[in-house]
Amino acid sequence: MNIIILDTYKELSIRGAGFFIQTLASNPTAVLGLATGSTPIGVYQQLIEQYQAGQLDFSAVTTFNLDEYIGLHRDHPQSYYSFMQQELFQHINISPDRIHVPSGVEDNFGAHCQWYEDAIIAAGGIDLQILGIGTDGHIAFNEPGTALGSRTHLTDLDQQTIIDNARFFDSADNVPRRAITMGVATIMDAREVILLATGENKAVAIQAAIESPVGSECTASALQNHPNVTFLLDPAAASLLTNQ
Ligand code: GLP
């Protein structure tokens, strides 16, 4: 487990983008695992800047997003599909047929979850997965109590997550109660993982992820067993770590 502490969000974003730049330099057909939330936006901005400067080519890249709200069509402004379009996809030369975001509107979610897992395998597996972390220690939408062996599945959101994510909606009442998410085991299969966290409100989750025994109460703790994971933190998010 690598832990890198950087003073500013800008530095953290540049360092995070560096992992993508390196991955794409060695493999222009890389499979990227992408995340939503506020934290990775700076990384995406760096990638857009590098693309606009002619330094990056996404034409042969395949992407898989972590999760989506149940009930939101992909055109809904708060869907994670819309988020990815706004924050990254519409600014780069990625081919639309290589973009994968789980669907929040399906007749048969069981089949869709299995299709998502199969599509990741068919693409050759995820080379680099970026993650944020929830204040309750979740990765993707793997809320406390989710089995560490879980695969893509439907889940109920915890009350804390609904409150945390209410800022993107008119009110907490409008936050969907359910989501479709890659499982912990799906994420653990990625060949490389980076997890970004900033701010005091993530300090408890980061301490649990890095220093508590591995367990489903903090699904990010599973990453302790990943062979190639890097935590990119600011000093506030790292403030409760005993071994800094
Ligand atoms: C949501 C997403 C997670 C993300 C988390 C933290 O719950 N499903 O993937 O890590 O939000 O978001 P933020 O980076 O905005 O704190």
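Begin by selecting Tyr44, Leu195 and Ile206, which touch the most other members of the largest nonpolar core, a set of 64 residues; such a core joins buried Ala, Val, Leu, Ile, Met, Phe, Trp, Tyr and Cys residues through side-chain atoms within 4.5 Å, where buried means under 20% relative accessible area with a 1.4 Å probe and protein chains only. A second, separate core of 10 residues can be coloured apart from it, and includes Tyr69, Tyr80, Phe141 and Leu157.

This is a predicted model, in which local features need pLDDT of at least 70 and side-chain atom pairs count only at pLDDT 80 or more, while totals for chains, interfaces and linings use all residues. Residues are numbered from 1 along each chain as its sequence is written, and side-chain values use heavy atoms, with hydrogens and water left out.

Return now to Tyr44 and display its surroundings: leaving aside residues up to four places away in sequence, Tyr44 touches Leu34, Ala35, Phe83, Met84, Glu87, Leu88 and Ile130, a contact being heavy atoms within 4.5 Å.

Next, select helix 3 (residues 80–87), where Tyr80, Tyr81, Ser82, Phe83 and Met84 are buried. Among the elements against which the buried residues of helix 3 pack are helix 2 (41–52), strand 3 (62–65) and helix 5 (159–165).

Finally, zoom out to the protein, which has seven helices and 10 strands, taken as DSSP runs (H or I, at least four residues; E, at least two) and numbered from the N terminus. Buried residues make up 55% of its 244 residues, and the C-alpha atoms fill a box of roughly 45 × 40 × 35 Å along the principal axes.

Methods:
Buried < 20%, exposed > 50% of the residue type's maximum accessible area, 1.4 Å probe, protein only.
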